[in-house]
Structures are given as structure tokens and as C-alpha cells.
Amino acid sequence: MVVTPDAFKASLTSAAPPGGVSPQLAALWWAAKGDWNKAHVIVQPLVGPEAAWVHAYLHRLDGREIGNAAYWYRRADKPFAKGSSEDEWNQIVAELLGGQSG
């Protein structure tokens, strides 16, 4: 199933993320819904650069553990985000959805 970034964002009015999206995208979806804890539980056991980027985003969003966010950005091989959290969310979503096949 292929989901566009606009459709993914529009799905935030639903009770659950779109079916078939990656756990990384599901975590971003829950973060956008304001459920940081659920997002973190989803992404915490995942490995790889995409998961590390989402993990970094979550810790940056939380704001209490900037050093932890920096660690995850390094794991993702991404620079520490300087823009708004909304811009970063959109960037991550677009990149992750660009990698889906349907």
C-alpha cells in the first residue's frame, strides 16, 4: 500500500495510523497525535538509521534529553535538526513514504 505524505497527514483525524505503514511511520503518527509515550514504545526496539532518526526526533520533541537526541541523530547519520519540529516531522514522513513500495 502506498500512502502519500498528504494522505498520511490527513489520516491524523482517524483513530489509528493507516494500515500497512512501517513502525517508524506509526511512531511518527502517534507523536503527531500527541502520544509521545506510545510513539517511543513503538520506535524504541527498532534498529537502523530510519528508526534512529525517528527516535532522535522524539527526544528532540520531548526537549528534556537533548544529549539523548544528539546520540540518536548520530546513529541516524543526520545532523541535529535546527528547524521546527513540524518541518522535521514532514521531512521524515516524506522520506519514509518515498521508500515504500506498493
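The dialogue below moves from the overall fold to single residues.

Mentor: Please keep in mind that this is a predicted model.

Trainee: How many helices and strands does the secondary structure of the chain come to?

Mentor: The chain has 6 helices and 0 strands. Read along the sequence, the pattern is α-α-α-α-α-α.

Trainee: What radius of gyration does the chain have, and what would a compact globule have?

Mentor: A compact globule of 102 residues would have a radius of gyration near 13 Å, and the chain agrees because its own value is 13 Å. Along the principal axes, the C-alpha atoms fill a box of roughly 35 × 25 × 25 Å. Of the contacts with a separation of 6 or more, 46% are between residues 24 or more positions apart.

Trainee: How should I read the interior and the surface?

Mentor: In soluble globular proteins, nonpolar side chains tend to be buried together. Here 37% of the 102 residues count as buried. The largest nonpolar core has 29 residues, and those with the most contacts inside it are Phe8, Leu25, Leu28 and Val54. Two or more residues of this core come from each of α2 (23-32), α3 (36-43), α4 (49-62), α5 (66-76) and α6 (85-98). As for the surface, the chain exposes about 5500 Å², of which carbon and sulfur atoms supply 54%. The chain has 9 positive and 10 negative side chains, and the centres of the two sets lie 4 Å apart.

Trainee: Which residues does Leu28 touch, not counting those up to four places away in sequence?

Mentor: With that exclusion, Leu28 touches Val54, Tyr57, Trp89, Ile92, Val93 and Leu96.

Trainee: Is Gln24 buried or exposed?

Mentor: The cut-off for buried is under 20% relative accessible area. Gln24 has 11%, so Gln24 is buried. This residue is placed in helix α2. Beyond residues up to four places away in sequence, Gln24 touches Leu46, Glu50, Ala51, Val54 and Leu96. Val54 and Leu96 are also among the residues that Leu28 touches. Gln24 and Tyr71, 47 residues apart in sequence, lie 18 Å apart in space, C-alpha to C-alpha.

Trainee: What phi does Asp77 have, and where does Asp77 lie?

Mentor: Most residues other than glycine have a negative phi. Asp77 is not a glycine, yet has a positive phi of about 60 degrees. Asp77 lies in the loop between α5 and α6.

Trainee: Why does Asp77 count as exposed?

Mentor: Exposed requires over 50% relative accessible area. Asp77 is exposed because its relative accessible area is 70%.

Conventions:
Residues are numbered from 1 along each chain as its sequence is written. This is a predicted model: local features need pLDDT of at least 70, side-chain atom pairs count only at pLDDT 80 or more; totals for chains, interfaces and linings use all residues. Side-chain values use heavy atoms; hydrogens and water are left out. Helices (H or I, at least four residues) and strands (E, at least two) are DSSP runs, numbered from the N terminus. The radius of gyration is taken over C-alpha atoms; the globule rule is 2.2 Å times the number of residues to the power 0.38. Buried means under 20% relative accessible area, exposed over 50%, partly exposed in between (1.4 Å probe, protein chains only). Contact means heavy atoms within 4.5 Å. Accessible areas come from the Shrake-Rupley method with a 1.4 Å probe; for residues, only the protein chains shown count as cover. Lys and Arg count as positive and Asp and Glu as negative; His and the chain ends are not counted. The place of a charge is taken as NZ of Lys, CZ of Arg, CG of Asp or CD of Glu. A nonpolar core is a set of buried Ala, Val, Leu, Ile, Met, Phe, Trp, Tyr and Cys residues joined through side-chain atoms within 4.5 Å.
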